[in-house]
Amino acid sequence: MTTVNLPASDGTWRTRALAEPVEWERHPDGFTSRIAFAAAHVVADPFAENVPGAPAVIDWDSTLAFRQHLFAHGLGVAEAMDTAQRNMGLDWAAIQELIGRSAAEAKAAGARIAAGAGTDHRTELSSLDEITAAYLEQVEFVESTGAQVIVMASRQLAATARHAEEYRKVYDAILGQVSRPVILHWLGEMFDPQLAGYWGSADVDIATETFLGLVRDHAAVVDGVKVSLLSAEHERSLRARLPEGVRLYTGDDYHYPELIRGDGTHHSDALLGAFAAIAPAAGAALAALDRGDLAGYDAAMNPTLALSRHVFVPPTWFYKTGIAFLAWLSGHQPGFTMVGGLQTGRSVVHLARVLELADEARLLPDPDLAAHRMRLWLASAGLTR
């Protein structure tokens, strides 16, 4: 039995005996009852100057191998989203290469891929027309790779638009020019404070009416909506009001087991950063749903929730650090470095708890490796016992 000593914030230690690994079944053909995307992180090149403010340099072998890991468990990839450090270190040159490479990997694997289109490649946008043009540049690029477009929330639009009608003007123009159905992403301010008041109101109910009006008017070109507000109540209400044929892809990393399971009338599909951390268990759970085995779904999915809630604890926008750390512990990448130096986004004590909760969910494929790397990480932080 492998054990590892883990620190607590009060200076005490606890000894964790790691469970034997689970041989999670793979599901490379995907699922029939739900569509599921994992928003994937990127692996930084450890030889490069991936420091705050520097252009991102990516370890392509490890980054693409991680996407193959997600494909093997039946998940599509949501590429170049906030999980990949969009607006937190991933610059436009790296975004383009990432989407292009990942789209090629997905095509070869016969897997789903969707990718984010925003306005972040241009920093000085002062009018709605300029913001629209920037959006359309990225939409055109994503479509050219064969990936499905995810229309991301725009910081520049949030800073420029004065009311709901101005949001509508921009989105009406975008949706009037897409070549195939897209996913609309509503990212809450807990993930990015610069998106506060999106859709023209700080009142979520008012913002929801604007959002629903947009979806209804363009339902023919909206495959689905991804909502990341961390409110199960809001999501249930919204999905019941969507036009027929428009999916709700949950982005709720606090309540996804119940939302994906559904209430017998409605259910959510998934586009989750959490799925990058829990891919084997998520795949097993979704396969159980395909079989109509709700008990099997619960047995695989529910134990992952404590891990996800810890990874996404406020300040929520640093959740990427926990996902990259778990990927390192699991052997999916050679080191724990992130573009923009974001490996400093969580404390050592927080990351020690990530290991513990991953073990509880049986998500450590090699406990000996995880324990060894955890000990190295603790020692490098000056924590030894």
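Visitor: Is Arg162 buried or exposed?

Guide: This is a predicted model, in which local features need pLDDT of at least 70 and side-chain atom pairs count only at pLDDT 80 or more, while totals for chains, interfaces and linings use all residues. Residues are numbered from 1 along each chain as its sequence is written, and side-chain values use heavy atoms, with hydrogens and water left out. Buried means under 20% relative accessible area, exposed over 50%, and partly exposed in between, with a 1.4 Å probe and protein chains only. Because its relative accessible area is 66%, Arg162 is exposed.

Visitor: Which residue forms a salt bridge with Arg162?

Guide: A salt bridge is a side-chain nitrogen of Lys or Arg within 4 Å of a carboxyl oxygen of Asp or Glu. The closest N and O atoms of the pair are 2.7 Å apart, and the partner is buried, with a relative accessible area of 10%. That partner of Arg162 is Glu166.

Visitor: In which helix do Arg101 and Glu97 lie?

Guide: Arg101 and Glu97 form a salt bridge with their closest N and O atoms 2.9 Å apart. Helices are DSSP runs (H or I, at least four residues), as strands are (E, at least two), numbered from the N terminus. Because the two residues are four apart in the helix, about one helical turn separates them, and the helix, residues 92-109, is α2.

Visitor: How many residues apart are Asp269 and Arg247?

Guide: The side chains of Asp269 and Arg247 meet in a salt bridge at 3.1 Å, N to O. This pair links distant parts of the chain, with Asp269 in strand β10 and Arg247 in strand β9, and the separation is 22 residues.
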